[in-house]
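Hi everyone, thanks for having me. I'd like to walk you through a few spots in one structure, so please have the viewer open.

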Amino acid sequence: MARYIQRHSLLKRVIHGIHTVACLVLIASGLIIFVPAIGAAVGQDVVQFVRMSHRAFAVVFIAAPLVGLIVAPKGFVHILKNLFARWDSDDKKFMLLFGKYLFSPKNTHMPKQHEVKSGQRLADGLLIAASVLIAATGVVLWMGASVTPQVFRLALMLHDVAFVLVVLIMFAHIYLGAGVFQPYRGSWRLMFGNGRVSESDALYHWGHWAEKELKSGENVVEA
Amino acid sequence: MAENAILYDASKCSACKGCQVQCKQWNMMPSSLGKDENEFTGSYQSMPDLNGDTRLLIEFREEAKANGIEWAFSRRACFHCAEPTCMEVCPAGAISKLDDGTVKLDNTKCVGCKYCTAACPFEVPKYREAFNVSNKCTLCDDRVAQGREPACVQTCPAAALTFGPREDMLAAAKTRLDELKAEGFDKAELYGETEMGGMHSLFIAPFGLEAHGLVRDPKKPDAIALFALIKPLTGIAAAAVFGGLGLSFLTGIGYSRDEITLDSASAHDDAKEEN
Ligand code: SF4
Ligand code: SF4
């Protein structure tokens, strides 16, 4: 009988799913505003509709993690703890090897990792920072006429900087997270499936964490 | 088509506000009629700044002189820049440059995002809440197309406003500047000849630019300049990341690994340690 580790709870998966949809819609609608030529080509009615839907999805984008914080504060703290966990030698080695791994996965042996890989901790941290920035500046832009043009233009510029960061990190996140990268094949199930990872994959990706989980057995499911 | 321009000569302006009223009338922009609806400006100026219903404002700036106060009147409206930063950022294609240099904001296309206000070094476009659009002077392109002058020019009783081919306006402005200097206005300056690539609303400032509230050497705001830079960089960065990931995908084709369990992995680790 194969063993699996329950890596992500249903709540986490649902919030992640909602956030993914909101984020993708926001990127697509943001792009129409970001590139004036697209806006001019699609016409005023479409641009207006897109602007309004951008706001609706922005509310979802901001609210989803806040709901997670309220419903499961412990889980939220757990995520933060992982984010700021100390880097050990395996973490550093992982980062040093990551470039080679991306382009030569067949010949690269990656060191064991804790619950969240060091590279992902970096990317997550940056993504969270960019998301907070994009949300805060988005609120300022929404306030529009009630802020001065100086504040508005600064918010606009920072909103764009954050947009670029979010888009670039999302590319990499989707490539790895959805398992387009061959060694990560099947990892989409972690967030969009039942949230379980097989013993073999867990040991491959997060060696230290998997050993601890398999030994404790608390989150181990046999199927 | 030859480029046109308005020439405003503050030394001739009597600040009667006829142009301000006529602009509202021709463009059907309401005025606030209620008591105390306009914030008191401390002078004869109608309101502190342009607003959603006001495209042209005569400002009453005061210059302290030895024998009292001298007025430094100002005509505040869009300058119709040759390099309009407002147009660069508009996401709806609502701002365009006409052949004669007029920078037109088409309110049937505007979505009211206010990016243009943020991008304009003079913060000229103002949000018109009731219609959810931004509003600014259009140089009366509708009248000009019919061979008429802009409404403000037509109404000016002091001939402080003139309109015509930009070259003629520039020549007239320079002659007038010489006259003013000869009369003792040694700080007199012309605004708009080169600013923002050359404006289509020129301004003779007898007391110098600052006294009339004009921005010396106006530039695209830094944040907006950066904003313009970010866009192509984003395209390049996105293409690079996309290409890099594509290459990574190609090099990973054929990848496979053996299934492991905790026991087999530890046995493997132990064997490695023994070696
Ligand atoms: S003054 Fe401002 S609104 Fe007018 S054309 Fe120049 S940048 Fe645009
Ligand atoms: S407010 Fe209107 S004119 Fe100004 S940038 Fe937005 S869509 Fe364009």
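Let's start with strand S1 of chain B, residues 4-9: how many of its residues are buried? Six of the six, so this strand is largely enclosed by the rest of the structure. Keep in mind as we go that this is a predicted model.

Now look at which way the side chains go. Asn4(B), Ile6(B) and Tyr8(B) point one way from S1(B), while Ala5(B), Leu7(B) and Asp9(B) point the other way, and all are buried.

What does S1(B) pair with? One partner is strand S8 of chain B, residues 161-165, and the two run antiparallel over five bridges.

Okay, over to chain A and a pair of helices. In general, you describe two packed helices by the angle between their axes and the distance between the axes. Here we have H6(A), residues 118-143, and H7(A), residues 149-177, whose axes come within 8 Å and cross at roughly 150°. Anything over 145 degrees counts as roughly antiparallel, and H6(A) and H7(A) are therefore roughly antiparallel to each other. Their crossing is left-handed. Residues making the contact include Leu126(A), Leu127(A) and Ile134(A) from H6(A), and Phe152(A), Leu156(A) and Phe163(A) from H7(A). Sorted by class, that contact has 18 nonpolar residues, six polar ones and no charged ones.

Staying in chain A, find helix H10, residues 207-216. Its buried residues are Gly207(A), Trp209(A), Ala210(A), Glu211(A), Glu213(A) and Leu214(A).

Asp36(B) has a phi of about 55° and is not a glycine. You'll find Asp36(B) in the loop between helix H1 (18-27) and strand S2 (57-65) of chain B. Is Asp36(B) buried or exposed? Exposed, with a relative accessible area of 67%.

Asn132(B) is another non-glycine with positive phi, about 50°. Asn132(B) lies in the loop between strands S6 (126-128) and S7 (133-135) of chain B. At 24% relative accessibility, Asn132(B) counts as partly exposed.

Notes: Residues are numbered from 1 along each chain as its sequence is written. Chains are lettered from A and ligands numbered from 1 in the order in which they are written. This is a predicted model: local features need pLDDT of at least 70, side-chain atom pairs count only at pLDDT 80 or more; totals for chains, interfaces and linings use all residues. Side-chain values use heavy atoms; hydrogens and water are left out. Buried means under 20% relative accessible area, exposed over 50%, partly exposed in between (1.4 Å probe, protein chains only). Helices (H or I, at least four residues) and strands (E, at least two) are DSSP runs, numbered from the N terminus. Two strands pair if DSSP finds at least two bridges between them. Axes are lines fitted to C-alpha atoms, for helices over the stretch in contact, and angles run from 0 to 180 degrees between N-to-C directions. Angles under 35 degrees count as roughly parallel, over 145 as roughly antiparallel, 65 to 115 as roughly perpendicular and the rest as oblique. A crossing is left-handed if the near helix is turned anticlockwise from the far one by less than a right angle, and right-handed if clockwise. Contact means heavy atoms within 4.5 Å. Ala, Val, Leu, Ile, Met, Phe, Trp, Tyr, Cys and Pro count as nonpolar, Asp, Glu, Lys and Arg as charged, and the others, Gly among them, as polar.
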